[in-house]
Amino acid sequence: MTLNLHDTAPDFDQPIAVLKHCHGRIRKQLATLDKLLAHLPEFGADEQARQAARAVLNYFEKAAHLHHDDEEQDLIPMLRAVAQGDDAATLQALAPVILQDHKEMDALWQDLHEQLSAIAEGQAASLSASAVQRFSQRYLAHMEREESTMAPMALRLFSPEQMAQLGKAMQRRRGIGAEASPPPSVGQAVADLRKDYGQASLNEDEVLDDPMLQFTQWFEQALKAEVNEPNAMSVATVAANGRPSSRIVLVKQFDERGFTWYTNYDSRKGQELEDNQYAALLFFWSELERQVRIEGRVERTSSEESDRYFRSRPLKSRLSAIASHQSAPIGSRAELEQNYEAVARQAGEEPARPENWGGFRLVPERLEFWQGRRSRFHDRIVYERQEDGSWTRLRLQP
């Protein structure tokens with residue numbers, strides 16, 4: 001199976017030609033999907049198959065959505081601004097169809113994404129012919145609609161200045177020719193920061209009945225994906241005066257009882273949990289485009305559990321826990337280090353756990369699993385604990 005996916009793109013001073021070039025690239029990727037379907041039954045997920053799967057994944061994950069944005073954010077609005085009479089009527093009928101095509105193609109792509117990812121990693125050697133057929137047919141019909149109607153209309157109606165405007169917008173979207181535009185203010189740059197998600201989906205018929213088992217499955221996938229600090233979580237607490245605060249800590253254990261972390265009980269979070277025993281946790285795994293929100297009641301772990309974990313920590317970490325009066329003010333770093341040195345001299349190799357240091361465990365009452373999807377149309381599945389200890393499960397709108 002040979003791949004020929006690279007050709008010379010026209011310049012952006014010909015934006016309609018660029019759009020048609022994108023269509024040509026898409027057709028080549030669809031042809032690669034057809035070749036892959038024929039290749040897999042005979043050769044399996046060999047190097048050629050893995051290369052083909054990676055090529056298709058790379059294009060539809062990184063480039064195809066730019067073409068959609070070109071149409072949704074620039075081409076269609078610009079045509080609406082200038083179209084009159086029959087052109088305006090045609091555009092009024094066609095534009096909703098184009099936008100619906102984008103949504104349906106994104107949904108169809110999700111069916112293929114997981115299959116292609118498994119092939120690219122050599123973990124599977126099958127590809128659904130019906131999924132490929134539906135995806136290809138939708139894309140081909142979509143491109144035919146644009147090429148027969150929208151592209152000729154733009155060539156007929158746009159002035160040279162409007163063509164230049166369209167071309168520059170397409171360049172900016174691809175990070176090309178940024179020097180032609182003044183840099184945005186910091187505030188505007190933050191407002192414009194956005195990433196379109198699309199790695200995976202989350203369906204009601206795929207999640208497990210027990211949310212803790214579902215969390216374990218996702219956590220294991222985060223470990224396998226080498227997510228940066230997958231055990232990091234935000235802990236949000238509320239003080240007696242109603243003011244919330246949050247911070248990042250590391251979960252040290254999770255099981256059917258809940259999620260456990262360790263800290264100084266005299267710290268701000270410790271004091272707030274004394275006043276209000278309810279808290280919220282948040283795990284965010286950006287590499288997998290996932291987050292898990294957890295709410296519940298917090299309790300202290302037993303002295304035996306806290307002792308056992310304290311003894312497992314490196315000596316310097318144990319000494320730091322003794323030396324630091326967490327959240328209390330101190331004059332300087334030098335003073336802090338002097339406290340540490342004094343503790344190190346006195347405590348020896350097996351320091352005892354301080355009474356004001358130990359574990360908290362959040363007993364979950366609500367868990368929400370969030371999977372990023374395209375166009376901010378995310379998947380959200382929430383579990384809620386009932387009085388008898390069972391869990392209900394439902395989908396939330398994004």
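Figure 1. At 53% relative accessibility, Arg156 counts as exposed (over 50% relative accessible area, with buried meaning under 20% and partly exposed in between; 1.4 Å probe, protein chains only). Its partner in a salt bridge is Asp87, with the closest N and O atoms 3.0 Å apart; a salt bridge places a side-chain nitrogen of Lys or Arg within 4 Å of a carboxyl oxygen of Asp or Glu. Asp87 is buried, at 17%. Asp87 belongs to helix H4 and Arg156 to helix H5, so the pair ties together parts 69 residues apart in sequence. Helices are DSSP runs (H or I, at least four residues) numbered from the N terminus. The model is predicted: local features need pLDDT of at least 70 and side-chain atom pairs pLDDT 80 or more, whereas totals for chains, interfaces and linings use all residues. Residues are numbered from 1 along each chain as its sequence is written, and side-chain values use heavy atoms, without hydrogens and water.

**Figure 2. Salt bridge between Asp70 and Arg173.** The two side chains meet at 2.7 Å, N to O. Asp70 lies in helix H3 and Arg173 in helix H6, so parts 103 residues apart in sequence are tied together. Asp70 is buried at 1% relative accessibility, while Arg173 is partly exposed at 23%.

**Figure 3. The largest nonpolar core.** A nonpolar core is a set of buried Ala, Val, Leu, Ile, Met, Phe, Trp, Tyr and Cys residues joined through side-chain atoms within 4.5 Å. Of the 49 residues in the largest one, those that touch the most other members include Leu33, Phe60, Leu112 and Phe135. Helices H1 (15–43), H2 (47–62), H3 (64–82), H4 (85–120), H5 (129–157) and H6 (160–173) each give two or more residues to this core. The largest share, eleven residues, comes from H4.

Figure 4. A pocket is an open set of points on a 1 Å grid over the protein atoms alone, where a 1.4 Å probe fits, with protein on both sides within 12 Å along at least five of seven lines; lining residues have an atom within 4 Å of a point. The lining has 23 residues, with Glu121, Ala200, Gln221, Leu288 and Arg290 nearest the pocket's centre. H8 (211–224) gives the most to this lining, with five residues.
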